[in-house]
Every structure is written in structure tokens, then in C-alpha cells.
Amino acid sequence: MTKPDEIMDLSQIDHGVFRSFPFLQDHCITCGICSSSCPVSGIDGFDPRKLVRLISLGMKDEAVDSRWPWICTMCGKCQYVCPMDIHIPDLVRAVRSMRERDKVPGILHKGLEAAIRTGNNLGLPKEDFIFILEDVGEEIAEEPGFEGFTVPIDKDGANILTTIHNKLVNTHTEDLKHWWKIFYAAGEDWTVPSDQWEGTNWGLFTGDDQAMKTMVGRIADHMDRLKVKNLLWPE
Amino acid sequence: MFDLLIKYIREGRITLDKSKYDVLATYHDPCNYGRKAERLFGHGFFDEPRWVMDQCLENWVDLYPDRNDQFCCGGGGGTMTTGYNEERIYYGRKKMEQIKATGAGMVVVPCHSCHGQLNNIKKEYGMEELTVKYLWELVADILVIN
């Protein structure tokens, strides 16, 4: 029979490592319902129960260096079915936050850094942004029934402020039109900020609370500055 | 977002032409508007989008399972941008099976991540013909403009 210390280094086990985690990981009864519910179970040897167990055992390096927290979509099905109500998606996010920032996979941290520095994930300059909005606005105005349509940028006292998902001013400008047409038809008094307009908040994905707070704070500042009461943030 | 669309429709501020799309459609619950919103804010937006769907389409069916039991599209949590694309595409298999089982030619989603993921992976599952549409795009498409 294989002895436990042939599978793993038992000296690494330390229940104190994640004592500050408030996600109830030590309540796990290892029933495996989370793993049955998870669409990513089986990929790269992952299932949510194993990750919860790693955390409970205090195996920090294995958890933080693993791809597991990053291939999880934090969809919350596991938590929904968990009989012990373990906060698995929050736990995943907390483990992501412990990854060194230059080792965050893909463009997530780079995009977030650009957003903190420039106001949007693309680093798109203000004049280019305004040009794109006005250009798309002119296209709408050429359609029958939308005569006179314009994009109200930085409008004081509007009823609704909208944010913009960066892909809509990058590769998917056609998709800017849907909400704008609805606003036009409904006679809505709306506006969009000329800078700091980013509607995505990748700190949610990288576990970066400070960055999230900064991004949200910018939207709140717009609302104060422009005296807008309602926010439409469909990202 | 749902509440705003509902307000416009209920107050008669927009009028919709329900006959525009006769394709069989289905609706996908994003995790963040549904299951996670219910958990975090005490209210999951399950009924609201379905009411909007009823105003837009004569012919649509739910996926199975749905609402709190809905499968994630596989594009959430930043997975569109981690570079782990094989994993993300594999993740979406259950979603595509669900959609295929309804026979729908159009799936309506109220989420940028779900929209990007479904459009990106449909070819991987032989479903190039599937139309992936934002809920607000559906509303905009069938606006009656006087």
C-alpha cells in the first residue's frame, strides 16, 4: 500500500496557513457534490473539492501556483449545491489574489494595469474614444427613424450614466448601437463619460480589491460630477 | 438593465414588433445576474429577462436545466483572457449540448462574457448557424420607430 508521504510531503500540511480565510473551507465533508456540478471538473486534474482540500490543509504553494483557480469561471454552481455552504468562488478569487502579479495568466493583469493608468483596458486616448462614439452616432443618425441622433457625452444632470465595455470601442463597435437606439426610441436623457469610461473591472477576476475599488470609485465620481442619479452598467 | 427595459416597455415608451423573429429561440441565465446575484443581493434576475423575452418573441423555450441550476457558458471569471483556450472551449460543451437539445436557432444572453464565449465556441461544436444575441440587441432589432 502506498504510504501518504510517498504521495505528498506531509510536512507541508499546516491548518493555520489559511486560518484567516472566511470561506468555511474546513467545513468540507468531502461529499463531492461540488465536483459533480462543476463543468471544469476533470480538466488538468481539477475539481473544486480538491482545491478546497488543498486550502484546508494549508498547501499554499500548490494552490497558488496551480492553474486550477484560473480555469474555474467562478460560476458558483458548486457553492449553490454545497450542503455546507462553503464559499468556493470567493475562495478561488482569494487564491488568485495571492499569485504574483506578473504571473497572472494572459492579459488580465496587463489590461487592469492599463485601466488604472489610462482609464480603460485598451489605453485608448480620450480623443480616439470620442471620435469612435461620434462616428457610430453619425451612422445611427443616417438610419430611417433615427434622424438627429447624437451621443450625449459628459452631459450634466442626465437621468442615466452608462459605462462602455472596451470591446465595443475596439472590435465590436456595431454593438454600441443597440442601447443607443433604445434610448432614442424611449426618449431617454442619458450620457457617457469622455474618460474613465471602462465598464469592465478585471480586478474582479484577478482578486485585486484595491483596483476594483479604484475603478468603481471613478464611476461614482462621474455620477457626482455630472449629477446623474442612475447608472447603467451592463458589463 | 432588465428593470430599465421592462420600464420602457410597460410605460409604452418603446413599442416592439413581436413578429420580426420567427426563429425558435432560447435564453441563457448568466451566473452573475442569476445564481450569484441571488446569493449576493438576495435577488436573482430570472423572471425579468423571461418577461422581456415574452414581449419580444412568439416562439422561445428555456434551456434545461435553467435558472439557479443553469450551466455556466464557460466564459466567466476572466477565462476569455487567461489564454487557457482549450480548457475554456471544453468547458462550454455542456452549454452547447443544452442549446442543441432545444433545437433553437438563436440564443439570447444579457452578458458580454457569455456572448463572447458562445459566439467563439459555436463553431467548435458544429453550430456555426446559431445566432448569439444580446437581450438589448433583440429589443433594439424589433423597435417600432414612428
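## Domains and overall form

Domain bounds come from an automatic or database domain assignment. For chain A, that assignment gives domain 1, covering residues 4-99, and domain 2, covering residues 123-232. Taken over C-alpha atoms, the centres of domain 1 of chain A and domain 2 of chain A are separated by 38 Å.

Please keep in mind that this is a predicted model: local features need pLDDT of at least 70, side-chain atom pairs count only at pLDDT 80 or more, and totals for chains, interfaces and linings use all residues. Residues are numbered from 1 along each chain as its sequence is written, while chains are lettered from A and ligands numbered from 1 in the order in which they are written.

Along its principal axes, the C-alpha trace of chain A spans about 80 × 30 × 30 Å. Chain A has a radius of gyration of 23 Å, whereas a compact globule of 235 residues would have one near 18 Å. This radius is taken over C-alpha atoms, and the globule rule is 2.2 Å times the number of residues to the power 0.38.

## Inside chain A

Chain A contains 12 helices and three strands. These are DSSP runs (H or I, at least four residues, for helices; E, at least two, for strands), numbered from the N terminus. Of the 235 residues of chain A, 40% count as buried. A residue is buried if 20 or more other C-beta atoms, placed from the backbone, lie within 10 Å of its own.

## A closer look at helix α8

Which residues of helix α8 (residues 108-118) of chain A are buried? They are A:Leu108, A:His109, A:Gly111, A:Leu112 and A:Ala115. These residues are on the same side of α8(A), because they cover an arc of only 160° around the axis. The arc is that of the directions from the helix axis to the C-beta atoms.

Among what covers the buried residues of α8(A) are α11 (203-206) and α12 (209-226) of chain A. Just after α8(A), A:Gly119 takes a positive phi of about 100°.

## Where the chains touch

Here 33 residues of chain B are in contact with 34 residues of chain A, meaning that their C-beta atoms, placed from the backbone, lie within 7 Å. On the side of chain B that touches chain A, α1 (2-10), α2 (35-41), α4 (85-91) and α7 (135-141) of chain B each supply at least two residues. The most comes from α7(B), with four residues.

## Confidence

The mean pLDDT of chain B is 97, and 100% of its residues reach 70 or more. pLDDT is the predictor's confidence in each residue, from 0 to 100. The model scores ipTM 0.97 and pTM 0.95.

Terms used. A residue is buried if 20 or more other C-beta atoms lie within 10 Å of its own, exposed if 12 or fewer, and partly exposed in between; C-beta atoms are placed from the backbone. Two residues are in contact if their C-beta atoms, placed from the backbone, lie within 7 Å.
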